[in-house]
Amino acid sequence: MSSAASAPSAAMLPGRGGIGGALSDAFWRNPKLLLFVMLTPPLLWLGIIYLGSLFALLIQSFFSIDEFSGLVVREFTLKTYGELLRPSNLDIIVRTVTMAGLVTIASAIIAFPIAYFAARYAKGRWKAVFYLGVMLPLWSSYLVKVYAWKLILAKEGILSWIFDKLHLTFLIEGWLALPVVGGNSLSVSLTGTFLVFVYVWLPFMILPVQAALERVPGNLLEASADLGASPRQTFVNVLLPLALPGIIAGSIFTFSLTLGDYIIPQIIGTSHRFIGMAVYAHQGTAGNIPLAAAFTVVPVVIMGIYLWLAKRAGAFNAL
């Protein structure tokens, strides 16, 4: 009886000839083998190319450069990390981290009402319009957006023209006269750098926050109101804590992207350096690869701590 039952099954699944058929049969009988073959190339890429390059970079940061010959001295030392504590280099780190923090906070403040409207009120076609509006800036060239903003923020740009027509030019002039955030024009100031950072990275904040707000039950907000809570109390005690993982998830993108970017500060901003610009200058122009590597380790360490804190807050559940 058993031999008769096995005969039809063998007829239904005939073996294939050749190497391809043998591999196909082996993968069908061993799904774990297929999974191993599929995951091996990306894991090798991640382990050798990405992690290997980071490890090589870390090793370079423990070398130093000979001040007389300009050659790299391949001896283990902490001298290069000591150079990061120089006032000029420490100023670069503080400026970059401060800018990344301000951009993240501003992005969260702007993104929250947009994401809340999309999560609670946008339905059907309006939901599609929302996603299109958020994603559309990501489809255009990064450099095109940055140079477009340089024209917008220039002295002869459309922003200055609008303020001139509204007889509010004194506001821009007064702001540009401020010592740190000002400059000759918005296109060559830290304010302009901040505005462009917020614009470019804002979609990366909106989408995680919107995803987190989608998970908040509507009856929970209604229950809060029924129990006598004011809109402010509902926001602070109910909505914000539930949306916090999405905000942290979005901040991972905005903070890390600002931390490592060097193109926007080069095109729009002052001569003050950021970490990305320092890495580019030391590795390319100055040839000080150990110091460039040490600068690169700084955002890696900062983001490592930041991701650890974000994981503890449950941010990855909103990604």
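**View 1. Surroundings of D261 in the predicted model.** Leaving aside residues up to four places away in sequence, D261 touches Y142, F197, W201 and G276. The model shown here and in the following views is predicted. D261 belongs to the loop that lies between α12 (231-260) and α13 (263-267).

**View 2. Polar partners of the D261 side chain.** Although D261 is buried, no salt bridge is formed by this residue. The nearest side chain of opposite charge is that of K145, 10 Å away. A polar contact of 2.4 Å joins the side chains of D261 and Y142. The D261 side chain also reaches the backbone nitrogen of I263, at 3.1 Å.

**View 3. Course of helix α6.** Helix α6 comprises 15 residues, 125-139. From the first C-alpha to the last, α6 reaches 20 Å, close to the 21 Å expected at 1.5 Å a residue. A bend of about 25 degrees occurs in α6 at G133.

**View 4. Buried residues of helix α6 and their packing.** K127, F130, V134 and P137 are the buried residues of α6. The helices against which these buried residues pack are α5 (87-120), α7 (142-153) and α10 (190-214).

**View 5. Salt bridge between E214 and K127.** Two salt bridges are found in a search of the whole structure. In one of them, E214 pairs with K127, and the closest N and O atoms are 2.6 Å apart. This pair links distant parts of the chain, with E214 in helix α10 and K127 in helix α6, 87 residues apart. E214 is partly exposed, its relative accessible area being 37%. K127 counts as buried, at 16% relative accessibility.

**View 6. Salt bridge between D91 and R95 in helix α5.** The side chains of D91 and R95 meet in a salt bridge with an N to O distance of 2.2 Å. Because D91 and R95 are four residues apart in helix α5, about one helical turn separates them. D91 is partly exposed, with a relative accessible area of 36%. R95, by contrast, has a relative accessible area of 16% and is buried.

Notes: Residues numbered from 1 in each chain as written. Predicted model: local features only at pLDDT ≥ 70, side-chain atom pairs only at ≥ 80, totals over all residues. Heavy atoms only, no water. Helix = DSSP H or I, 4+ residues; strand = E, 2+ residues; numbered from the N terminus. Expected span 1.5 Å × (residues − 1). Bend = angle between axes of the 7 residues up to and from the residue. Buried < 20%, exposed > 50% of the residue type's maximum accessible area, 1.4 Å probe, protein only. Contact = heavy atoms within 4.5 Å. Salt bridge = Lys/Arg side-chain N within 4 Å of Asp/Glu carboxyl O. Lys, Arg positive; Asp, Glu negative; His and termini not counted. Polar contact = N/O pair within 3.5 Å; in protein donor to acceptor, adjacent residues only side chain to side chain.
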